[in-house]
Amino acid sequence: MRGKFITFEGGEGTGKSTQAAMLALRLESLGLSVQLTREPGGSPGAEIIRHVLLSGAAKPLGPDVEAMLFTAARDDHVQCTILPALDAGKWVICDRFADSTRVYQGILGQVDERLINVLERVSVGDLAPDLTIILDVPVELGLERIKLRRGDAVPDRFEAESVEFHQKLRQAFLAVAAEAPDRCVVIDASAPKEAVARKIWNTVGARLDPMTFPIASETRRTEVGA
Ligand code: Z5A
């Protein structure tokens, strides 16, 4: 049976990486096989493109080119990591996906929606997340978390944007959620990590019912031998 595909989206410091990892552990504790991955990146080719994008080296080329680079990374990630994992019956949990291109390059970067649509079609095809969890926190809180985590290190290409940019970002993710209520759930992620994880678990349970998902024979063997 094909696995389920869950994406995490939202602004910086909303806790996507933290919650994606916590959800992966929780699903694994049920005996499910999980592939935890991220964008940009998640496959060897895409990780190289990630380095170029987050260093800011592509910024002077403009948002259209950045959108193409995110798409090239996604194409490799989908082909090399996501589709094989889903076909093997794994639950794929991805820290950012196509909504991020729509929001960062499309809405914030003002890349023509027709180009965004074509790029999405080329890289994603018919693949759509079964569930997208959009984590939402006030911008000041998200930036404070990132600042704390960064310490003395230099902000990356996107962390260095203005507070106004991050406010628009937050609104844009809420707009994406409002347009696709069957796929997206917005979760207030201001609470402590464990409380946010509980809300996410309740949502995953209600939408995808992981308790009833068949466990692969490979996983059963691991359990028996463990
Ligand atoms: N981007 C794009 O423009 N177009 C695209 O198509 C794609 C991406 C796919 C990737 O950066 C950048 O690429 C991203 C958008 C752009 N912009 N930036 N920057 P990234 O992968 O390096 O980072 P990110 O995706 O933005 O995530 P993040 O900023 O690292 O934050 P996060 O994953 O949401 O949060 P976190 O790492 O889980 O937590 C951050 C800190 O807060 C950490 O110290 C945690 O321990 C702490 N934390 C987390 N949750 C809590 C709670 N609940 N309470 C207190 N503290 C917490």
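**Close-up views of a predicted model**

View 1. Ser 123 belongs to helix α5, which runs over residues 113–124. What does its side chain reach? A polar atom of the Ser 123 side chain sits 2.9 Å from the backbone oxygen of Leu 119.

View 2. How many residues surround the ligand? There are 29 of them, and the closest are Lys 16, Thr 18, Arg 96, Thr 101 and Arg 149. Sorted by class, this shell is made of eleven charged, nine polar and nine nonpolar residues.

View 3. Start with Arg 149: an N or O atom in its side chain is 2.7 Å from a ligand oxygen. The side chain of Arg 74 also has an N or O atom by a ligand oxygen, here at 3.2 Å. With Gly 13, the backbone takes part instead: one of its N or O atoms lies 3.2 Å from an oxygen of the ligand. And how much of the ligand does the protein cover? On its own, the ligand has 1000 Å² of accessible area, and the protein covers 87% of that.

View 4. If you go looking for the largest pocket, you'll find it is the space taken by the ligand. Which elements give two or more residues to the shell around it? They are α1 (16–29), α2 (44–55), α3 (63–87), α4 (98–108) and α6 (139–150). Helix α4 provides the largest share, with four residues.

View 5. Find Arg 96 in the loop between β3 (91–95) and α4. Is Arg 96 buried or exposed? Its relative accessibility is 12%, so Arg 96 counts as buried.

View 6. The loop between α8 (193–208) and α9 (217–225) is where Asp 209 lies. Its relative accessible area is 36%, so Asp 209 counts as partly exposed.

**View 7. Here is a cis peptide bond**. The bond runs from Glu 39 to Pro 40, and its omega is near -10 degrees. Pro 40 is in the loop between β2 (34–38) and α2.

Conventions. Residues numbered from 1 in each chain as written. Predicted model: local features only at pLDDT ≥ 70, side-chain atom pairs only at ≥ 80, totals over all residues. Heavy atoms only, no water. Near = heavy atom within 4 Å. Polar contact = N/O pair within 3.5 Å; in protein donor to acceptor, adjacent residues only side chain to side chain. Areas by Shrake-Rupley, 256 points an atom, 1.4 Å probe, with all protein chains shown as cover. 1 Å grid on protein atoms, 1.4 Å probe; cavity = no way out; pocket = protein on both sides within 12 Å on 5 of 7 lines; lining within 4 Å. Sits in = over half its atoms within 2 Å of the grid points. Nonpolar A, V, L, I, M, F, W, Y, C, P; charged D, E, K, R; others polar. Buried < 20%, exposed > 50% of the residue type's maximum accessible area, 1.4 Å probe, protein only.
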